[in-house]
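Dear colleague,

Please find below the structure that I am handing over to you. My notes on it follow directly after.

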Amino acid sequence: MKADVSTSLLSVPQISYRAWKVWRRDLEVFMKTYKVNFFPPLVEPIFYLVGLGFGLGGFVQPQEGLRYVAFIAPALVAISMMFSSFFECTYASFVRMYYQKTFGAIIATPVSLEEVIAGELLWGATKSLINSTIVLGVVLVFGLVSSPLFLLIPPLAFLVGLLFSAMAMCFTAITPNIDSFNYPSFLFITPMFILSGTFFSSHNLPGTVQTISKIFLPLYHAVELSRGLAIGRLHPSLLFNLGWILVATPVFVILSINLMKRRLIK
Amino acid sequence: MSSEILIKAEGLTKKFDDFLAVDKIDFQVFKGECFGFLGPNGAGKTTTMRMVQCGLPLSAGSLSVSGMYVTESGREIKTMIGVAPQEDNLDPDFTVMHNLVVYARYFDIPKKEATKRAEELLKFVQLDEKKEVLIDELSSGMKRRLILARALINEPQILILDEPTTGLDPQARHLIWEKIRNLQKQEVTIVLTTHYMEEAAQLCDRTVIMDLGKIIEEGKPADLVKKHVGEEVLEVGYDEEVLKFLQDTCPDAKLEIMGDRIQVFTNQTRGIFSQILNKYSFKAAMIRDANLEDVFLKLTGRRLKE
C-alpha cells in the first residue's frame with residue numbers, strides 16, 4: 001500500500017449531506033423509466049404466489065404452522081430486498097463507475113468519493129424499499145398478511161437493503177470486470193435465496209447447514225423478521241435477527257467505502 | 001495576466017507502483033493566463049491535471065491552488081475550479097440540459113440559478129437547440145462543447161482542459177478554440193494539456209513541454225520556437241546526394257529525416273536553400289515557418305538525426 005492511501009479498511013469515512021445529491025441523481029434516472037421499473041416487483045411475486053404458493057403448496061405440509069402460501073409470502077418480500085439492492089450496487093454501480101465514468105465526473109465537484117459511494121448505498125437501500133414495498137402490496141392483496149406490524153416492513157427493507165448494498169459494493173470494489181459478478185451471484189445470492197428459510201422452514205435442514213445459515217446468511221435474518229412482522233408472531237429470537245443486521249450493516253458500509261477508495265484513488 | 005500566482009507546484013511527484021508518472025516538477029500558473037502542458041501521450045500531463053483538481057493524492061512535493069494545499073483543502077479548491085476531462089463522462093441517462101442541472105447540484109447551486117446558468121452556457125457553446133436531446137445523439141464535437149459548458153457551471157476561477165480537442169475534426173476544433181479565447185477575454189485562468197503543437201501556439205500564453213514525467217522546457221510558444229529552432233525550417237525531398245551535400249556544407253545544422261523528406265534546422269536557411277536550388281533544381285525544396293512541433297522534436301530528440 002502506498003503511504004497516502006494507507007487508511008485502514010475500517011476507518012470511519014467522513015460523509016456529509018452531499019451523499020444525498022448522488023442518491024438523488026440515481027433516483028431521477030429511476031423515475032425517468034418508472035413504469036418499466038415498477039413492473040417486475042409487481043408481476044414476479046404473483047407467479048411465485050400462484051405457482052409455488054397455491055400450486056406446489058397443495059402438496060406441502062404447513063411450515064412452522066403456516067399454510068405454505070402464507071409461509072413463503074413474507075419471504076418473497078425479503079428476497080426482493082436482497083435482489084434489488086444487491087444487483088443495484090453490483091451491476092448497476094459498476095456500469096456507472098466503469099463504463100459511464102459517472103463517479104469520476106462527480107468527484108471533480110465538491111462531492112467526495114466517500115460521499116459518492118454512500119449515495120450509491122443509500123440508493124440501493126431505497127431500491128430495496130421501493131421494490132419490496134410493491135411486493136408487500138401484492139402479498140396484502142392476496143390476503144397473506146395478518147398483522148398491522150407489517151407497517152414496519154418498509155423501514156426494515158431500507159435497513160436490509162443498506163446491508164446488501166454494502167456487501168454488493170465490496171464485490172464491486174474488488175471485481176476485475178463485470179462478468180465476475182457471476183461469482184457472488186451464484187455462490188452467495190443463489191444459496192441464500194434457497195437456504196434462508198425462504199421456501200421451506202430451515203428446521204428441515206441438517207443441523208450444520210442450519211447453523212451456517214443462521215451465522216452467515218443475512219437473508220435468513222431478513223426473512224425471519226419479515227415473517228414475524230407479517231403474521232404478528234413476535235419471538236425473542238427476532239431480537240437476535242435484528243441485532244445481527246444492525247451490527248453487520250455499519251461494518252459492511254464502512255468496509256465497502258474504504259475498499260472503493262482503495263480501488264479508485266491510487 | 002497578473003503576477004499573482006494561482007497554482008504553484010514544487011517537486012511535484014506521482015508514482016504508480018513502480019511507474020514514475022510525474023517526476024519532481026515545478027511550475028507556476030499566474031492569474032488570468034492560459035498555461036499549456038505540451039507533450040506526447042504518457043508524458044504525465046493528465047496525471048498532473050488530476051493532482052491539480054484534487055482527484056489524485058501526491059506521492060511527494062507540494063501543490064497549492066489559490067494559496068490552499070490540495071492535500072488539505074480539496075473541497076474548497078474543487079469549488080473554484082472547473083474540469084473538462086479528456087474522456088466523455090457525461091451522464092448518458094440525462095438530456096443535455098439535465099446534465100448541467102444535475103452537475104450544478106453537486107456544487108450546491110440552487111435549481112433556479114442552475115437553470116439560468118445552464119441556459120446561458122448552452123447558448124455560449126451553441127447547443128441551445130439540443131437542450132432536450134440525450135447525450136448519445138450528440139456528435140463528439142457537441143459532447144466536447146457540452147463538457148466545456150459543464151466545467152463552467154460553477155463559474156470557476158480556474159478552468160482545466162485536458163486535451164480539449166483531441167479527436168475532433170478541424171471545424172469542431174476551431175469552434176472550441178473560439179470559446180476558449182472568449183473565456184480568456186473574461187480573465188478565466190486556463191490550464192490546458194494538448195499534444196497538438198498548433199493548439200498550444202494558438203491559445204497559450206506560456207507552455208511547458210513535458211516528456212517522460214519531467215518538464216524539459218518552459219516559456220512562451222513563440223520564444224521557444226525562436227530559441228530552439230529559429231525562424232524558419234528548410235525541407236528538401238530525400239536523396240542520398242542531397243543529404244551528403246547538406247552534411248558537408250553545413251556541419252552545424254541539425255538534419256532530420258521524416259519519411260521522404262529531410263528537415264534542415266539551421267540559422268542560414270536561405271543560403272542553403274538557394275544553393276540547393278542551383279545544384280539540384282529537381283528537388284522539392286521549400287522554406288516554412290518553424291513551429292512548436294519542431295521544438296518538441298528537437299528537445300525530445302525523437303526521430304532527430306545529427
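In this predicted model, four strands of chain B make up an open sheet in the order S12-S13-S11-S14, and their pairing is antiparallel. The edges of this sheet are held by strand S12 (254-258) and strand S14 (285-289) of chain B; each has a single partner strand, so one side of each is left without a neighbour in the sheet. On average, neighbouring strands here are turned by 25° against each other, direction ignored. S12(B) runs antiparallel to strand S13 (residues 261-265) of chain B, and 5 bridges join the two. One residue pair to look for is B:Glu256 with its bridge partner in S13(B), B:Gln263.

Chain B also contains an open sheet of 6 strands, ordered S6-S7-S8-S3-S9-S10, in which the pairing is mixed. Strand S6 (81-84) and S10 of chain B are its edge strands, and each pairs on one side only. From one strand to the next, the twist averages 15°. Helix H5 (residues 140-151) of chain B lies across S6 and S7 of chain B, and its direction is at about 165° to S6(B).

Which strand of this sheet is mostly covered? It is strand S9 (residues 206-211) of chain B, where 5 of the 6 residues are buried. S9(B) pairs in the parallel sense with strand S3 (residues 34-38) of chain B, over 4 bridges, and B:Leu38 stands opposite B:Ile209 in S9(B). With strand S10 (residues 214-219) of chain B, S9(B) pairs in the antiparallel sense over 5 bridges; there B:Met210 faces B:Ile215 of S10(B). S9(B) and S10(B) form a hairpin with 2 residues between them, and B:Leu212 in the turn has a positive phi of about 50°.

As to chain B as a whole, it has 11 helices and 14 strands. Its C-alpha atoms fill a box of roughly 75 × 45 × 40 Å along the principal axes. Of its 306 residues, 40% count as buried. When contacts between residues at least 6 apart in sequence are considered, 70% of those in chain B join residues at least 24 apart.

Turning to chain A, the average pLDDT is 94, and 97% of the residues score at least 70. Residues 1-6 of chain A should be read with this in mind: their pLDDT stays under 50, and the model has 6 contacts for them beyond four places in sequence.

Most residues other than glycine have a negative phi. A:Glu64, although not a glycine, has a positive phi of about 45°; it lies in the loop between helix H2 (34-55) and helix H3 (68-99) of chain A. Is A:Glu64 buried or partly exposed? With 13 C-beta neighbours inside 10 Å, A:Glu64 counts as partly exposed. In chain B, B:Glu187 has a positive phi of about 65° and is not a glycine either. B:Glu187 is placed in the loop between helix H6 (170-185) and strand S8 (189-194) of chain B, and because 13 C-beta neighbours lie inside 10 Å, B:Glu187 counts as partly exposed.

With kind regards

Conventions: Residues are numbered from 1 along each chain as its sequence is written. Chains are lettered from A and ligands numbered from 1 in the order in which they are written. This is a predicted model: local features need pLDDT of at least 70, side-chain atom pairs count only at pLDDT 80 or more; totals for chains, interfaces and linings use all residues. pLDDT is the predictor's confidence in each residue, from 0 to 100. Two residues are in contact if their C-beta atoms, placed from the backbone, lie within 7 Å. Two strands pair if DSSP finds at least two bridges between them. Axes are lines fitted to C-alpha atoms, for helices over the stretch in contact, and angles run from 0 to 180 degrees between N-to-C directions. A residue is buried if 20 or more other C-beta atoms lie within 10 Å of its own, exposed if 12 or fewer, and partly exposed in between; C-beta atoms are placed from the backbone.
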